[in-house]
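I opened the model today to look at its helices. My notes follow.

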Amino acid sequence: MSETLAEQVEIAHTPDEVREQMHDQGYANLDFALDSRQRNSLFRSFKNFVQLTQEPGGEKLVDALAYKRNDLGNSAYFLTLRQPGIHNPHEDQREAGQDHKYIMHHGVQTTKRAEAALGEALPREMENFLAKCDEFYFNARIAAELGAKALGIEKILLPENEEDDVHLLRVIDYIASDSEELGEAHFDRSAVTMACGE
């Protein structure tokens with residue numbers, strides 16, 4: 001029986017181990033408590049929820065997820081369909097993209113804001129998806145906190161006030177298109193990115 005990837009990789013459990021791996025390989029392997037079964041369940045729930053938003057009245061579900069943090073000068077959490085050549089209204093300063101995908105930005109406030117916006121019980125598909133997002137988000141934060149502590153930047157990256165938290169869970173479902181653009185190395189302001197097509 002072959003070793004799993006997790007068994008082959010040395011996981012950093014302490015700030016010293018994180019710093020050592022960063023020095024040796026340029027990154028650190030951090031523990032993430034959720035497995036591929038849970039990941040696939042998140043992806044299925046995302047697809048189910050996106051399908052629900054395409055039905056009559058679905059735009060109110062999308063609107064319930066979007067809000068801006070104007071004090072930070074940027075758009076924040078949203079669900080949108082990004083299409084080649086079309087500007088995303090949630091990303092004011094960004095050029096029109098070339099990729100074709102559904103993308104969701106989920107943060108610590110998403111579920112409670114959605115509940116407040118809709119003023120009623122969330123549809124089953126939405127509730128299921130947001131619960132899975134919460135699970136992934138908070139598990140990713142545990143790993144991010146260890147990394148930030150090791151680098152001495154936890155007060156910069158992980159604000160005490162959740163209203164100021166700019167780190168999020170990005171869930172992406174790529175759609176087949178004729179675009180030849182590939183993702184290059186870049187910075188994403190997120191705790192974790194989950195790409196369904198990868």
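How many Å should the 28 residues of helix α6 span, and how far apart are its end C-alpha atoms? I took 1.5 Å a residue, so α6 (residues 124-151) should span 40 Å. The expected span is 1.5 Å times one less than the number of residues. The end C-alpha atoms are 41 Å apart, which agrees. Helices here are DSSP runs (H or I, at least four residues), numbered from the N terminus. Just after α6, I found G152 with a positive phi of about 70°.

I noted the ground rules. This is a predicted model, where local features need pLDDT of at least 70, side-chain atom pairs count only at pLDDT 80 or more, and totals for chains, interfaces and linings use all residues. Residues are numbered from 1 along each chain as its sequence is written, and side-chain values use heavy atoms, with hydrogens and water left out.

Next entry: α2 against α6. Helix α2 (residues 15-25) packs on α6 at about 75°, with the axes 8 Å apart. Axes are lines fitted to C-alpha atoms over the stretch in contact, and angles run from 0 to 180 degrees between N-to-C directions. That makes the pair roughly perpendicular (65 to 115 degrees). P15, V18, R19 and M22 of α2 meet L146, G147, K149, A150 and L151 of α6. Contact means heavy atoms within 4.5 Å.

Last entry: α5 against α6. Helix α5 (residues 110-118) packs on α6 at about 155°, axes 10 Å apart. The two are therefore roughly antiparallel (over 145 degrees). I listed T110, T111, A114 and L118 from α5, and M126, L130 and D134 from α6, as making the contact.

Notes:
Angles under 35 degrees count as roughly parallel, over 145 as roughly antiparallel, 65 to 115 as roughly perpendicular and the rest as oblique.
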